[in-house]
Amino acid sequence: VMMKRMLVFVILTFLALSGYCLAGEVDATLNKAKKDGKIVMLELGSVGCVPCEQMKPVMEKLRANYRDKMEVLFVDVSKDKETSRKFGVFAVPTQVFLDRNGKEFHRHMGYYSYEEIDPVLKKAGF
């Protein structure tokens, strides 16, 4: 029993550190970001989807460059259908940007390069 609990803890810690969110964690993370005054980029995709996989380095660069101002979350829509429905996702990847109040201010479908995202964030005041 103790080993099982330790394994679950390790897996959940890994998922949290990797930016991967499960259904219940998305709302909690969004609420915390709002409380902390951060904007959020939701990367709604699927494991194995080529453009979704191509977004990983973009997400890492955004995390590094906007660390104190922005949360970047990956949501696997095949595992979290509730979040997918909530944000009206019909194609992957879809990027949804939420302001400090949790309101959507920008959306994009498909691969989205850092060079394309950065001006959107700067225009939004970041």
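Which residue's side chain does aspartate 27 meet in a salt bridge? The partner is lysine 86, with 2.8 Å from N to O. The model described here is predicted.

Aspartate 27 is partly exposed, its relative accessible area being 32%. Lysine 86, at 52%, is exposed; the cut-off for that class is over 50%.

## Other salt bridges

The whole structure contains 8 salt bridges. One of them joins lysine 32 and aspartate 36, whose closest N and O atoms are 2.6 Å apart. Aspartate 36 has a relative accessibility of 39% and counts as partly exposed.

Another pairs the side chains of glutamate 53 and lysine 56, at 2.8 Å from N to O. Both residues lie in helix α3 (residues 50-65), 3 residues apart, or about one turn of the helix. Glutamate 53 is partly exposed at 29% relative accessibility, and lysine 56 is partly exposed at 44%.

## The disulfide

A disulfide is a covalent bond between the sulfur atoms of two cysteines. The structure has 1 disulfide, and the residues in it are cysteine 49 and cysteine 52, with an S to S distance of 2.4 Å. The link is right-handed, with 75° about the S-S bond. Cysteine 49 and cysteine 52 are both buried.

Strand β4 (residues 94-98) has 5 of its 5 residues buried, so the strand is largely enclosed by the rest of the structure. In a regular strand the side chains alternate between the two faces of the sheet. In β4 both faces are covered: Thr94, Val96 and Leu98 are buried on one side, and Gln95 and Phe97 are buried on the other.

Which strands pair with β4? Strand β2 (residues 39-45) pairs with β4 in the antiparallel sense, over 5 bridges. In this pairing leucine 44 stands opposite threonine 94 of β4. Strand β5 (residues 104-109) also pairs with β4 in the antiparallel sense over 5 bridges. Here phenylalanine 97 has histidine 106 in β5 as its bridge partner.

β4 and β5 form a hairpin, with 5 residues between the two strands. Glycine 102 lies in the turn and has a positive phi of about 85°.

Conventions. Residues numbered from 1 in each chain as written. Predicted model: local features only at pLDDT ≥ 70, side-chain atom pairs only at ≥ 80, totals over all residues. Heavy atoms only, no water. Salt bridge = Lys/Arg side-chain N within 4 Å of Asp/Glu carboxyl O. Buried < 20%, exposed > 50% of the residue type's maximum accessible area, 1.4 Å probe, protein only. Helix = DSSP H or I, 4+ residues; strand = E, 2+ residues; numbered from the N terminus. Disulfide = S-S within 2.5 Å. Pairing = 2+ DSSP bridges.
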